[in-house]
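Please find below a colleague's note on the packing of side chains in this structure. The points are numbered and may be read in order.

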Amino acid sequence: MPGRSLAVDASASSLTPYERKIMDVAARQAERVGNKVWRTDLVGVADFAQPSWKPRLHFANIETGTVRSFLLAHGRGSDPEHSGWLQRFSNTPGSEATSRGAFLTCEWYKGKYGTSIRLVGLDEDNSMALQRAIVMHPAWYVDQTMIEKWGKLGRSEGCFAMSNSNFNEALWHLSGGRLLYADRIGEDETWAASPQISEPEG
């Protein structure tokens, strides 16, 4: 069922190993950034080790131990050949690439794609997010129909773009001073969330 592929609830007892990893990443990153964020009940985790045709933006509710997952686009500068896989991160203005690291979600505003959420980068690797206008917003090119037609989503200009039908989930549950964390995480059991971001940018 299409809706099920976009948002999946899971009780703490039924979390998959991958979802438990996402919860662990969320908890570790929330602890790492500390009082730089205002609310730590829910953390957004964007796993760019996953391709764009899979739900890879995870809302990890630390209080309830549940994970909900959504489709998410990456920047065209991170995937110049439009393979559907993120190839590189960048913090450089004009790169149209996705940045990695911890972001503070701020207020709503009306932008090119309608109501959007401002983001402030909290790490060296995403320190230019505000100046680059890297935000969360809804987009027509993030939709299951795109996957059915092209096998992948469209690309953003570096922003965290969600589907029009699911963006209200971010407005209501992730905005207002919470943490959004982006990195390559993947399903490898040997992966561990690191407090440092060491991989060089492209």
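The points that follow concern aromatic pairs, nonpolar cores and cysteines.

1. The model under discussion is predicted. The remarks below should be read with that in mind.

2. A search of the whole structure finds 8 aromatic pairs. One of them joins Phe-59 and Phe-70, whose ring centres lie 4.9 Å apart with 55° between the planes, a tilted arrangement. Phe-59 belongs to strand β2 (residues 57-61) and Phe-70 to strand β3 (residues 66-70), so this pair ties together parts that are 11 residues apart in sequence. Both residues, Phe-59 and Phe-70, are buried.

3. Another pair is formed by Phe-103 and Phe-160: the ring centres are 5.2 Å apart and the planes stand at 75°, so the pair is classed as edge-to-face, because planes over 60 degrees apart count as such. This pair links distant parts of the chain, with Phe-103 in strand β4 (residues 101-111) and Phe-160 in strand β7 (residues 160-163), 57 residues apart. Phe-103 has a relative accessible area of 0% and is therefore buried; Phe-160, with 1%, is buried as well.

4. Ring pairs also link Phe-103 and Phe-160 with Phe-48 and Phe-89 into a cluster.

5. A charged side chain is found over an aromatic ring as well. Arg-118 lies over the face of Tyr-109, at 4.1 Å from the ring centre.

6. The largest nonpolar core has 23 residues. Among those with the most contacts inside this core are Phe-48, Phe-59, Met-136 and Phe-160. Elements that each supply at least two of its residues are β1 (42-47), β2, β5 (114-121), β7, α4 (167-173) and β8 (179-183). Of these, α4 gives the most, with 3 residues.

7. Which residues does Met-136 contact, leaving aside its neighbours within four places in sequence? The contacts of Met-136 include Leu-57, Ile-117, Leu-119, Phe-160, Met-162, Phe-167 and Leu-180, and also Ser-116.

8. A second, separate core has 20 residues, including Tyr-18, Met-23, Val-45 and Leu-179. In soluble globular proteins, nonpolar side chains tend to be buried together.

9. How many disulfides are counted? The count comes to 0, where a disulfide requires two cysteine sulfur atoms within 2.5 Å. Cys-106 has a relative accessible area of 11% and is buried. Cys-159 also counts as buried, because its relative accessibility is 9% and the limit for a buried residue is under 20%.

Definitions and conventions: Residues numbered from 1 in each chain as written. Predicted model: local features only at pLDDT ≥ 70, side-chain atom pairs only at ≥ 80, totals over all residues. Heavy atoms only, no water. Phe/Tyr/Trp six-rings, centres within 6.5 Å; stacked < 30°, edge-to-face > 60°. Helix = DSSP H or I, 4+ residues; strand = E, 2+ residues; numbered from the N terminus. Buried < 20%, exposed > 50% of the residue type's maximum accessible area, 1.4 Å probe, protein only. Lys NZ or Arg CZ within 6 Å of the ring centre and 35° of its normal. Core = buried A, V, L, I, M, F, W, Y, C linked by side-chain atoms within 4.5 Å. Contact = heavy atoms within 4.5 Å.
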